[in-house]
Amino acid sequence: MRYIDVHCHLDGGHFGDIGGLLARLNALGVEKVIAAGFDLQSSEFCCGLAEKYEGVYFTAGFHPTELKKYNGGDLEKIAALAAREKCVAIGEIGLDYHYPDTDKPLQRRIFGEQLELADKLGLPVVIHSRDCAEDMTEFLKEHAAYFKHGALLHCYSHSVEIAIELQKLGLYFSFGGTSTYSGSKKAKRTIAALSGERLLTETDSPYLPPKSKAGTFPNTPESIPEILQNMADIRGVSAEEMAKTVWQNAHNLFKKLN
């Protein structure tokens, strides 16, 4: 089987020898990973990894909780990174209302600017959405014209009803380790309800370990087979069939994967 992790964070020095990690991934069949940028520095780091290692791709963008670091001219620098051969999307971008000092107007403005950039460059977007279900749904509907190159709601955590609604805009949805726990009823219902052509696997490494690795850190893309098996079980299909579907979905969304 061929596996893919469409969203992981390989920066931060948590994994030791990245080459060794990638060798272990290849042995498991995890052939491709997309390293997610969340600010300028991490996007540049992910670009370097992708250019050094086969099977690693990256995204470039500004995460909503990292905007205190955002400076004039950073959008142009993100655009330059996005032009690199192995940059598959603008991300991760979005809204996050989790913290009490959240500047919601700023988040919405920078989110919108990055959506416009992705549209201009012909790239999909990878969207982070936390504690903002109503605003995110409204925002995505208002900006639906920018999704003609595709969009992914990563580590989806909102309701089944919202997912079904947003699926109509052509969005994809990825699920990680949290979906493997017995208490993750909302995620399981969503995986069951969505079209198979909209589902993707991720780890969000080094965070969110699956059930078999509960409480461990760092989580790694080595968890992808467990996440995919869980998804297959929920949908009542074989792991082989689910893996083929996810692989094809990833390449349909991220056109620069090769």
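Visitor: In which sense do strand β3 and strand β4 pair, and over how many bridges?

Guide: They run parallel, and three bridges join them. Strand β3 covers residues 56–60 and strand β4 covers 87–96. Strands here are DSSP E runs of at least two residues, helices are H or I runs of at least four, and both are numbered from the N terminus. Pairing takes at least two DSSP bridges. Across this pair, Phe 58 stands opposite Cys 87 of β4.

A note on the source: this is a predicted model, with local features needing pLDDT of at least 70 and side-chain atom pairs pLDDT 80 or more, while totals for chains, interfaces and linings use all residues. Numbering starts from 1 along each chain as its sequence is written, and side-chain values use heavy atoms, without hydrogens or water.

Eight strands make an open, parallel sheet in the order β1-β2-β3-β4-β5-β6-β7-β8. Its edges are β1 (3–8) and β8 (199–201), each pairing on one side only. Neighbouring strands are turned by 30° against each other on average, direction ignored. Helix α1 (residues 18–28) packs on this sheet and touches β1, β2 and β3. Contact means heavy atoms within 4.5 Å. The direction of α1 makes about 135° with that of β2. Such angles run from 0 to 180 degrees between N-to-C directions of lines fitted to C-alpha atoms, for helices over the stretch in contact.

A pocket is an open set of points on a 1 Å grid where a 1.4 Å probe fits, with protein on both sides within 12 Å along at least five of seven lines; lining residues have an atom within 4 Å of a point. Volume is the space filled by probe spheres set on the points, which are joined across faces, edges and corners. Of its 31 lining residues, the closest to the centre are His 128, His 154, Cys 155, Asp 204 and Leu 208.

The second largest pocket has a volume of about 190 Å³. Its lining includes Pro 64, Leu 67, Asp 96 and Gln 107. Gln 107 sits in helix α4 (residues 104–121). Gln 107 is buried, at 5% relative accessible area; buried means under 20% with a 1.4 Å probe, protein chains only. Leaving out residues up to four places away in sequence, Gln 107 touches residues including Gly 94, Leu 95 and Asp 96.

Definitions and conventions:
Buried < 20%, exposed > 50% of the residue type's maximum accessible area, 1.4 Å probe, protein only.
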